[in-house]
Amino acid sequence: LYLVGAGRSGGTLLGKILGRHPQLLYVGELRELWTADLLTDRLCGCNARLADCAFWQQVFQEAYGGMRQVDVPWMNEMRLRHTRTRSVLSLWRQDEAQAAWLNMLRSLYMALAQVGDKKWIVDASRSPTYASLLTRIPQIKLHALHLVRDARAVVHSWSRERLATTATRQVRLAPKNLA
């Protein structure tokens, strides 16, 4: 189940609620997994460092032979190259790098299904471009849920200060200037 929508549209909250169902595995925004801090700073939903989380260690072992076997900078480059809205034209061009990246994603989703042992995976990545690319993976039967939130609530959410927590630090994020 793929949650599509703009940022601050309630995807994280909905994903966490859905993840409480015994047949649903909520994995957060899987598109964002490949950021540079994957192996050092990213936290799992269990509040352990992702690199220390037994679940994710098992997923990466199943998918790739371990976390250290993945070229994270390359995966992040592919994520940025192919899933940004400005990259939508790349959906019509399929090159070897994109095919290799999609194969790596296929391995990840198949490992999540195997290790998570749930009927459904809930991915809150929200990007329609990424969702479109996932439909090219034959093993993924993608069902999208489009989230639409009242614009006033989105503005309120963006205008408040929030605290971002990673494995090594807490950062206060200033409100966005929406003027």
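Predicted model: local features only at pLDDT ≥ 70, side-chain atom pairs only at ≥ 80, totals over all residues.
Residues are numbered from 1 along each chain as its sequence is written, and side-chain values use heavy atoms, with hydrogens and water left out.

The protein has six helices and six strands. Both kinds of element are DSSP runs numbered from the N terminus: helices are H or I runs of at least four residues, and strands are E runs of at least two. Read from the N terminus, the order is β-α-β-α-α-α-β-α-β-α-β-β. The radius of gyration is 16 Å, close to the 16 Å that the globule rule gives for 179 residues, so the protein is as compact as a globular protein of that length. That radius is taken over C-alpha atoms, and the globule rule is 2.2 Å times the number of residues to the power 0.38. Along the principal axes, the C-alpha atoms fill a box of roughly 45 × 40 × 35 Å.

Of the 179 residues, 40% count as buried. Buried means under 20% relative accessible area, exposed means over 50%, and partly exposed lies in between (1.4 Å probe, protein chains only). Among contacts in the protein with a separation of 6 or more, 68% are accounted for by residues 24 or more positions apart; a contact means heavy atoms within 4.5 Å. As for charge, the mean positions of the 25 positive and 14 negative charges are 7 Å apart. In this count Lys and Arg are positive and Asp and Glu negative, with His and the chain ends not counted. Each charge is placed at NZ of Lys, CZ of Arg, CG of Asp or CD of Glu.

A polar contact of 3.2 Å joins its side chain to that of Gln-98. A polar contact is a pair of N or O atoms within 3.5 Å; within protein, one must be able to donate a hydrogen and the other to accept it, and residues adjacent in sequence count only if both atoms are side-chain atoms.

Arg-79 also lies in H3. Arg-79 counts as buried because its relative accessibility is 7%. Its side chain makes a polar contact of 2.8 Å with the side chain of Asn-76. Leaving aside neighbours within four places in sequence, Arg-79 is in contact with Arg-31, Glu-32, Thr-35, Arg-84 and Trp-101.

Arg-84 belongs to the loop between H3 and helix H4 (96-116). Its relative accessible area is 30%, so Arg-84 is partly exposed. Not counting residues up to four places away in sequence, Arg-84 touches Arg-31, Arg-79 and Thr-129. Arg-84 and Arg-68 are 16 residues apart in sequence and 26 Å apart in space, C-alpha to C-alpha. Gly-28 and Cys-44 are also 16 residues apart in sequence, but their C-alpha atoms are 9.1 Å apart.

Gly-28 itself lies in the loop between strand S2 (24-26) and helix H2 (54-64). At 13% relative accessibility, Gly-28 counts as buried. Residues up to four places away aside, Gly-28 touches Val-122, Asp-123, Ala-124 and Ser-125.

Backbone angles come next. Most residues other than glycine have a negative phi. Asp-117, in the loop between H4 and strand S3 (120-126), has a positive phi near 50°. Asp-117 counts as exposed, at 65% relative accessibility. Arg-126 lies in strand S3 and has a positive phi near 70°. Arg-126 is buried, with a relative accessible area of 8%.

Thr-135 and Gly-7 are 128 residues apart in sequence and 22 Å apart in space, C-alpha to C-alpha.
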